[in-house]
Amino acid sequence: MRYIEPHAHMVSRTTDDYERLALAGCCAVCEPAFWAGFDRSSPAGFYDYFRQLTEHEPARAAKFGLKHFCWLCINPKEAEDVGFAKEVIALIPQFIQQPNVLGIGEIGLNKNSRNEMEVLEMHVDLAARCDQLVLVHTPHLEDKLKGTRLILDVLKNHPRIRPERVIIDHVEEHTVGMVLDAGFWAGMTLYPETKCTPARAVDILENFGRERLWLNSACDWGVSDPLAVPKAAREMKRRGHADDFVDGVVFGNPKKFLSQSPNFKLE
Amino acid sequence: MNRRQVLDLYFLEARSKLIDLAAFLDRVERAPGEDDYRLQALRAAFAELSGPAKSRAEAVLLALSDPTTEPIAQAPGKGATGAWPGKK
């Protein structure tokens, strides 16, 4: 089986995990910028992080035959200080031309505050000005419904954002419909305790079809599983889905969306 | 898959989760102290299990969600608890 891991935070994972991904059939891993579990004390911390994403991680992945791509932003968990966020966003243009950068992400909301909204709008505007793909994080748990609605309002009201170039991630049963109905791509994150289990993700695929949907592990420093995508593929096969259906979900769909970036090349 | 095949594949897992949930309720109720909004929200969400077919998972998620629509003035922190503490 071949697949693309479209959302993984490999800076938090061991080198053994790169090997496990490769052995499971992963051919490319895509890493959005995120919260490291603690707040960075200065924009310089983000400068170093962006270098790690664009220089160090691609080299680490290449040792196992894996292509590594990334997305850049200041994540919503560190977006409450708008002045700080502005300084970090100002760093992004100098990294956008790096060969493994796919776009701006994972931007979005965390607690649905006004400051988070302002930083989200700055990111969306940057993506539009630089003609970049967008990857959006939707909030956790009780905040997801409201946050998804607010995010959709921001994106739909921006005159230069094209829905087919935006993926809205971490959808669940109560948000997937509104995202797809608005023309955006939707990502399902497979987590052991929060977000979707493999069984629920396959339920969503059966109810909504596979068009504009992808699966990811979003493995990071928390409770997460870097092999969640192949496990969901096994779940699909367990239910009798054909190999070409499974391949379309775990390889074809992410390839189709990500290939809108000229930097996404698998060969 | 037909219904029999779904039951063959998932019944024992669902049974196990149901017993775990029952044991959780027993555990939390024999502990000293008061309920909080999380347990109240969970009890309210139980009612959705007998709702219309095909949308029970969505209904449970909605029952545990913040239903308001306006951004809040300031983020109170970073974490989420899994249930909305406000009043609908």
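**Entry 1: the parallel strands of chain A**

I began with strands S2 and S3 of chain A, which pair in the parallel sense over four bridges. Here I count strands (E, at least two residues) and helices (H or I, at least four) as DSSP runs, numbered from the N terminus. Two strands pair if DSSP finds at least two bridges between them. This is a predicted model, in which local features need pLDDT of at least 70 and side-chain atom pairs count only at pLDDT 80 or more, while totals for chains, interfaces and linings use all residues. Residues are numbered from 1 along each chain as its sequence is written, and chains are lettered from A and ligands numbered from 1 in the order in which they are written.

Next I followed the neighbours of S2(A). Strand S1 (residues 3-5) of chain A is joined to S2(A) by three bridges, and the two run parallel. I found A:Glu5 opposite A:Val29 in S2(A). A:Val29 also has a bridge partner in S3(A), namely A:His68. From S3(A) I went on to S4(A), and these two pair in the parallel sense over three bridges. There A:Cys70 stands opposite A:Val101 in S4(A).

How many of the six residues of S2(A) are buried? I got five, so strand S2 (residues 26-31) is largely enclosed by the rest of the structure. Strand S3 (residues 67-72) of chain A also has five of its six residues buried, so it too is largely enclosed by the rest of the structure. My cut-offs: a residue is buried if 20 or more other C-beta atoms lie within 10 Å of its own, exposed if 12 or fewer, and partly exposed in between, with C-beta atoms placed from the backbone.

I looked up A:Gly108, which lies in strand S4 (residues 101-108) of chain A. Why does A:Gly108 count as buried? Because 28 other C-beta atoms lie within 10 Å. For contacts I use C-beta atoms, placed from the backbone, that lie within 7 Å. Setting aside neighbours within four places in sequence, A:Gly108 is in contact with A:Pro76, A:Leu120, A:Val136, A:His137, A:Thr138 and A:Ile151. I also noted A:Asp169, 61 residues apart from A:Gly108 along the chain, with 9.5 Å between their C-alpha atoms.

Then I turned to A:Tyr191, in the loop between strand S7 (185-189) and helix H8 (198-208) of chain A. A:Tyr191 is partly exposed, because 18 other C-beta atoms lie within 10 Å. Leaving out neighbours within four places in sequence, I see A:Tyr191 in contact with A:Val223 and A:Ser224. From A:Tyr191 to A:His170 I read 9.9 Å, C-alpha to C-alpha, for 21 residues in sequence.

**Entry 2: helix H5 of chain A**

H5(A) has 16 residues and reaches 23 Å from its first C-alpha to its last, close to the 22 Å expected at 1.5 Å a residue. The expected span is 1.5 Å times one less than the number of residues.

Which parts of chain A do the buried residues of H5(A) pack against? I listed helix H3 (82-89), S4, strand S5 (133-137) and H6. Among the buried residues of H5(A) are A:Met117, A:Leu120, A:His123 and A:Leu126. After H5(A) comes A:Asp131, with a positive phi near 55°.

**Entry 3: where the chains touch**

I then checked the contact, which takes 27 residues from chain A and 23 residues from chain B. On the side of chain A that touches chain B, helix H5 (114-129) and helix H6 (144-157) are the elements that give two or more residues. H6(A) supplies the largest share, five residues.

By class, I find five nonpolar, seven polar and 15 charged residues on that side of chain A. Here Ala, Val, Leu, Ile, Met, Phe, Trp, Tyr, Cys and Pro count as nonpolar, Asp, Glu, Lys and Arg as charged, and the others, Gly among them, as polar.

Is B:Thr69 buried or exposed? It counts as exposed, because it has 11 C-beta neighbours inside 10 Å. Not counting residues up to four places away in sequence, B:Thr69 touches A:Lys146 and A:Arg149.

**Entry 4: chain B overall**

Last, I looked at chain B, which has three helices and zero strands. Buried residues make up 9% of its 88 residues. I noted a box of roughly 50 × 35 × 25 Å for its C-alpha atoms, taken along the principal axes.

Key. Contact = placed C-beta atoms within 7 Å.
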